Amino acid sequence: MKPRAVLTAACAGLAVMLSACTSSSGHVSSAAGLAGRPGTVITVGSFDFPESVLLAEIYGQALAADNFPVRILPNLGPRELVDPALMDGLVQLVPEYAGSALEFFSLGRLSATSDAEAANRALAGSVAGRRLVPARPAPAQDANAIVVTAATAARYGLRSIADLAKVAPHLVFGGPPECPGRAYCLTGLKRVYGLRFKQFTPLDAGGPLTLQALAAGYIDVALLFTTDPGIPARHFTVLADDRGLQPAENITPLVGRDAIARYGPRLLAVVNKVSALLDTGTLRALDARVELARQDARMVAGSWLRARGLIRAGGEGH
């Protein structure tokens with residue numbers, strides 16, 4: 001994690017960006033005339049990859065349909081930028097991933113676990129002093145996946161991440177720019193598996209650049225996400241995490257305590273209702289609509305919420 005001074009500077013930059021946001025970068029739902037009053041709009045932010053954008057739309061539109069004033073701001077950046085903004089009150093809700101969030105907020109002091117309930121309890125303890133509350137985790141989870149092409153897997157006899165140990169010095173690894181400093185990316189692969197790659201190529205966070213680079217052979221190994229519909233579509237091979245590096249990564253919305261104090265328990269009740277309906281298979285199918293069928297995330301989220309009765313049929317979620 002970056003030093004606090006750097007994070008503070010990043011938050012200052014984000015504050016300027018948020019204050020300048022218009023309908024081109026986010027959209028606002030007015031409810032009961034509250035949207036014009038300072039501190040009343042619930043800003044729902046996302047990280048800079050498609051699934052996170054989709055999740056921000058899902059939770060944000062569900063809240064808007066229940067008459068909360070909501071502003072949805074997608075693609076704000078990586079965790080190192082978005083979560084400090086959440087702590088500083090610039091954003092009020094972020095759909096997080098439990099294990100990665102725990103590592104970030106505890107500064108790596110708390111070990112992640114594959115037990116979703118234990119991860120949620122630990123996360124609650126880590127963010128309590130930062131005026132944040134984790135909502136109930138969704139059954140859906142999306143973890144980091146170490147992926148190779150079928151040809152690479154066959155050539156080197158790769159089935160697990162541990163199998164990479166002998167050949168990693170000859171292979172190029174690709175992933176998000178922040179990967180070298182992430183506990184569950186290159187840092188963890190080196191610590192747990194002893195992997196040292198020939199080169200790291202910074203691309204995007206489980207997005208089209210990484211998929212295309214792997215398919216075209218510009219990189220040999222990629223960090224993608226387990227719910228990525230591009231993995232089966234391109235017949236890529238996910239290497240087994242045989243030493244358990246990756247923790248439980250259940251979708252867990254983090255909510256600012258001030259927003260909960262303002263709106264009461266109904267705010268968390270709506271968020272929890274959405275989470276209860278979101279399992280891994282559903283999330284993967286929704287991701288496919290956005291990433292493979294190229295449908296708009298805002299539309300996909302609204303369609304799913306209407307089908308689940310969380311938005312009135314024919315109504316809008318914002």
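Which cysteines form a disulfide, and how far apart are their sulfur atoms? I worked on a predicted model, and in it I found C179 and C185 forming a disulfide, with their sulfur atoms 1.7 Å apart. The cut-off for calling such a pair is 2.5 Å between the sulfur atoms, and by this rule I count one disulfide. I then looked up the turn about the S-S bond, which is -80°, and noted the link of C179 and C185 as left-handed.

Next I turned to the sheet. I noted an open sheet of five strands, in the order β8-β7-β9-β6-β10 and with mixed pairing. Its edge strands are β8 and β10 (237-238), each of which pairs on one side only. Against this sheet I found helix α8 (residues 208-216), which touches β6 (144-148), β7 and β9 (221-225), and whose direction makes about 145° with that of β9.

Strand β7 (residues 172-175) and strand β8 (residues 199-202) run parallel and are joined by four bridges. Along this pair I found F173 opposite F200 in β8, and I noted P202 in β8 as the bridge partner of G175.

My last entry concerns two helices. From α2 the residues P50, E51, L54, L55 and I58 meet L283, L286, D287, V290 and E291 of α12. Sorting the residues of this contact, I wrote down seven nonpolar, three charged and no polar.

Key:
Residues numbered from 1 in each chain as written. Predicted model: local features only at pLDDT ≥ 70, side-chain atom pairs only at ≥ 80, totals over all residues. Heavy atoms only, no water. Pairing = 2+ DSSP bridges. Contact = heavy atoms within 4.5 Å. Nonpolar A, V, L, I, M, F, W, Y, C, P; charged D, E, K, R; others polar. Axes fitted to C-alpha atoms, helices over the stretch in contact; angles between N-to-C directions.
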